[in-house]
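Have the sequence and the model open side by side.

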Amino acid sequence: MTTRVLIADDEALARSRMRRLLEELTEYEVIGEAASGSEALQMSMSGSPDVILLDIRMPGMGGIETARHLSALDDGPAVIFTTAFDSYAIEAFDSHAIGYLLKPVRREKLERALRFAAQLAHPQLEALVNDPEQPVTRSNICARRGESLHLIPLEDILYFQADQKYITVRHRLGEDLIDEPLKELDREFADQFIRIHRNTLVAMKWIERMEKTPDGQYEIWLRDCAEPLPVSRRHVTAVKASIKKCI
Amino acid sequence: MVLIATLTAIALTLARQTEWSLFFSDLARTSLLLVWTTLTITATLCLLRSRLNRFSVAGASILTFTAVIIVITAVSEIIYWIGTTYSSPNMPVTYSWFPQNHWYFLSSNIVVGIIMTGLALRYFYVSHQRQRNIESEARTRIHALQARIRPHFLFNSMNTIAELTRTNPKAAEIAVENLSDLFRASLADSHKLVSLAQELEITRVYQDMEQQRLGERLVVKWQLNGLPQQARIPSLTLQPLLENAIYHGVEPLPDVGVVEIEGRRKGNMIYLSVRNQLPIRKYQSEAGNQIALENIRERLELAFGSSASLSRAIDQTHYQVSIAFPVKE
C-alpha cells in the first residue's frame with residue numbers, strides 16, 4: 001500500500017525537488033502540491049493525505065499555524081515540517097519529538113522521516129501546539145462548512161458567543177460555528193479579545209461604545225454590528241477599564 | 001577597599017616612623033583611622049549610588065569629593081573627641097593612640113583623603129573606560145557577523161540549486177557562480193570600501209538568486225539617476241537592505257511583492273533608498289533587521305564620519321530605508 005503525501009511549500013522549485021525525491025521512492029505517492037498554508041489545509045480535507053511535508057515559512061499562514069489547524073482534524077495527516085533554517089522552531093520540534101527535515105533534504109533522511117511519521121502523529125503535534133512555552137497564536141480560525149474548511153482571519157472576527165454546544169463566530173462576512181471551548185479562545189487571544197459575559201468574547205478593536213440601558217444593564221455596541229451585546233455585571237469594571245485603555 | 005586602606009596605612013606609617021619599635025603601634029593607630037574612614041565613605045557612596053548615576057562624570061566626581069570630605073571631617077572629629085575624652089593625659093605624645101593637635105589632624109586627614117579619592121576615581125574611570133572599549137569592540141564584531149548573508153538565504157539557495165542541477169543545469173551553474181560572488185563579498189573585510197558599481201553589481205547578483213527562488217512573486221524596480229560609478233561605499237551596504245526588504249516585505253506576501261530601489265546624486269551627496277510593502281501581519285520580530293541596519297550605520301559612519309546617515313520611514317503600507325553619504329572617489 002502506498003503512502004499518500006501532500007507537499008506544502010511556497011517555493012515552486014522546492015516543491016518540485018521534493019516531488020522528484022518522493023517519486024524516486026517507490027512506496028509513496030504525491031497527491032498534490034500546496035503553495036500556502038490555507039491551500040494545504042483545503043487539500044488535506046479534500047485529498048486526505050497520510051503525511052504532509054509542511055514548510056514553516058509560508059506567506060499568510062505559516063507551517064506551524066497550519067499544523068495547528070490540521071491537528072484539530074479528526075483524521076488529519078501526520079506532519080513533517082521542512083525548513084531551510086529556523087533555529088527557534090527546531091528547538092521546539094526536538095523537545096516534542098516532532099519530525100522535521102532541513103532543506104536541502106537528503107533522500108535517506110526524507111525516507112527515514114516518512115517511515116517514522118507513519119508510526120507517530122497526533123499526540124506529539126498536540127503537545128507542540130499546546131505547549132505554553134511556545135505559544136502558537138492563530139491568525140485564523142478554522143470553521144467547517146459541510147465538507148470544506150473555511151479560514152476566518154482573526155482581524156475580521158467581531159465576537160465569539162457560546163451556545164449550549166457550539167460557539168458562534170460572528171465575523172464581517174457572517175457567522176460560523178466552531179467546536180472549541182470558549183475558555184481556550186479567551187486564553188489564546190487575551191491580548192485582542194475581552195470577556196464581557198459568561199458566554200461572550202468581544203474583539204477590542206471593534207468595540208464602539210458601552211451604554212447603560214434604562215433598566216440598569218450595560219450593553220456593548222460594535223462597529224458593523226446592528227445588535228448590542230449584553231455585558232454581565234461582574235465584567236463591567238474590567239470592560240470599562242480596557243475600553244479606556246484602548247482609547 | 002579595606003585592602004587599599006590597609007596598604008595605604010602601611011605606606012604612611014613606614015614613611016613616618018624611623019624605628020621599628022614605634023612602627024606597630026603607629027600602624028595600628030593609622031589603619032584604625034583609615035579603615036573606619038574608608039568603610040564609612042564606601043557605605044555613604046553606596047547609599048548615594050542611585051543619585052550619583054544621574055550626574056555626569058564631572059558632577060559625580062565633585063559630589064564624591066564633597067561626600068569624602070564630609071565623612072572624613074565627621075570621623076576625624078569623633079576620633080578626636082574620643083581621644084580627648086578617654087585618653088590619659090600623662091601618656092607620652094609619641095605613644096598616644098589619639099591625635100593631639102586638633103587642626104593639624106583634621107586638615108591632614110582631609111588632604112590625604114582628597115589625594116586618595118582622586119587616585120581611586122581615576123583608577124575606576126580608566127578601568128571602566130577599558131571595559132567599555134572591550135564591550136563595544138565585541139559588539140561591533142558580533143554585528144559584523146550577523147550582518148552577513150542570512151543562513152535562511154544560504155540554505156534556500158542551496159535547495160534551489162539542488163533542484164536546478166537536475167532540471168536546468170545551466171541555471172544551476174549560474175546560481176553557483178552567483179552564490180560564490182556573494183559569499184566572497186561577505187567574507188571580505190566588512191570595512192572595506194568598494195566602488196558603487198561593484199556594490200550595485202553584487203546587489204543585482206543577489207536579486208538574481210532570489211528571483212530564481214521566488215519567481216514571479218518578486219519584482220524589483222530599479223531607478224538610478226546619475227550615480228557616480230566610481231564613488232566609494234562600504235562593501236555590502238545596499239545588498240543587505242534588499243535582503244531585508246525581500247525577507248520582510250516580499251516572502252510573507254501571498255502574491256507579488258514589489259521592492260523599489262532608488263539612487264540619485266545631489267551635489268556632493270549620494271542618496272540610496274530601498275522601499276518595500278509591509279505585510280499585514282508581522283512575520284517575525286524586527287530584531288534581526290535592527291542589527292543589520294545598525295551595522296550598516298556603523299560602517300557608513302566609520303567610512304564617512306557624520307556626513308553619512310541612515311534613516312527609516314514606516315507608514316501604513318510601506319517600509320523604507322534610506323542612506324546618504326558623500327561622494328568619495
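P104(A) sits in the loop between β5 (100–102) and α5 (107–119) of chain A. The peptide bond that leads from K103(A) into P104(A) is cis. Its omega is near -5°. Keep in mind that this is a predicted model.

**Positive phi values**

Two further loop positions deserve a look. S48(A) is not a glycine, yet its phi is positive, at about 35°. L236(B) is likewise a residue other than glycine, and its phi is near 55°. The table sets out where each one lies.

| Residue | Phi | Loop |
|---|---|---|
| S48(A) | about 35° | between α2 (37–47) and β3 (51–55) of chain A |

The cut-off for buried is 20 or more.

**The hairpin in chain A**

Strand β11 of chain A covers residues 193–197. It is mostly covered, and 5 of its 5 residues are buried. Its partner is strand β12 (residues 200–203) of chain A. The two pair in the antiparallel sense, over 4 bridges. Through 2 residues, a hairpin joins β11(A) to β12(A).

**The open sheet in chain A**

Next comes a sheet. Which strands form it, and in what order? There are 3 strands in chain A, ordered β13-β14-β15, and the sheet is open. The pairing is antiparallel. β13 (207–212) and β15 (229–231) of chain A are at the edges. Each has a single partner strand, so one side of each is left without a neighbour in the sheet. Neighbouring strands of this sheet are turned by 30° against each other on average, direction ignored.

β13(A) is joined to strand β14 (residues 218–222) of chain A by 5 bridges, and these strands run antiparallel. One pair to locate is I207(A) with its bridge partner L222(A) in β14(A).

**A helix pair in chain B**

Two packed helices are described by the angle between their axes and the distance between the axes. Here the pair is helix α7 (residues 196–214) and helix α8 (residues 239–249), both of chain B. Their packing angle is about 25°, and the axes are 9 Å apart. Angles under 35 degrees count as roughly parallel. α7(B) and α8(B) are therefore roughly parallel to each other. The crossing of α7(B) past α8(B) is right-handed.

Which residues make the contact? From α7(B) come I202(B), T203(B), Y206(B), Q207(B) and E210(B). From α8(B) come Q239(B), L242(B), E243(B) and I246(B). By class, the residues of this contact of α7(B) with α8(B) are 4 nonpolar, 3 polar and 2 charged.

**Where the chains touch**

Finally, the contact of chain A with chain B. How many residues does each chain give? Chain A contributes 16 residues and chain B contributes 19 residues. On the side of chain A that touches chain B, 7 residues are nonpolar, 4 are polar and 5 are charged.

Notes: Residues are numbered from 1 along each chain as its sequence is written. Chains are lettered from A and ligands numbered from 1 in the order in which they are written. This is a predicted model: local features need pLDDT of at least 70, side-chain atom pairs count only at pLDDT 80 or more; totals for chains, interfaces and linings use all residues. Two residues are in contact if their C-beta atoms, placed from the backbone, lie within 7 Å. Ala, Val, Leu, Ile, Met, Phe, Trp, Tyr, Cys and Pro count as nonpolar, Asp, Glu, Lys and Arg as charged, and the others, Gly among them, as polar. Axes are lines fitted to C-alpha atoms, for helices over the stretch in contact, and angles run from 0 to 180 degrees between N-to-C directions. Angles under 35 degrees count as roughly parallel, over 145 as roughly antiparallel, 65 to 115 as roughly perpendicular and the rest as oblique. A crossing is left-handed if the near helix is turned anticlockwise from the far one by less than a right angle, and right-handed if clockwise. A residue is buried if 20 or more other C-beta atoms lie within 10 Å of its own, exposed if 12 or fewer, and partly exposed in between; C-beta atoms are placed from the backbone. Two strands pair if DSSP finds at least two bridges between them.
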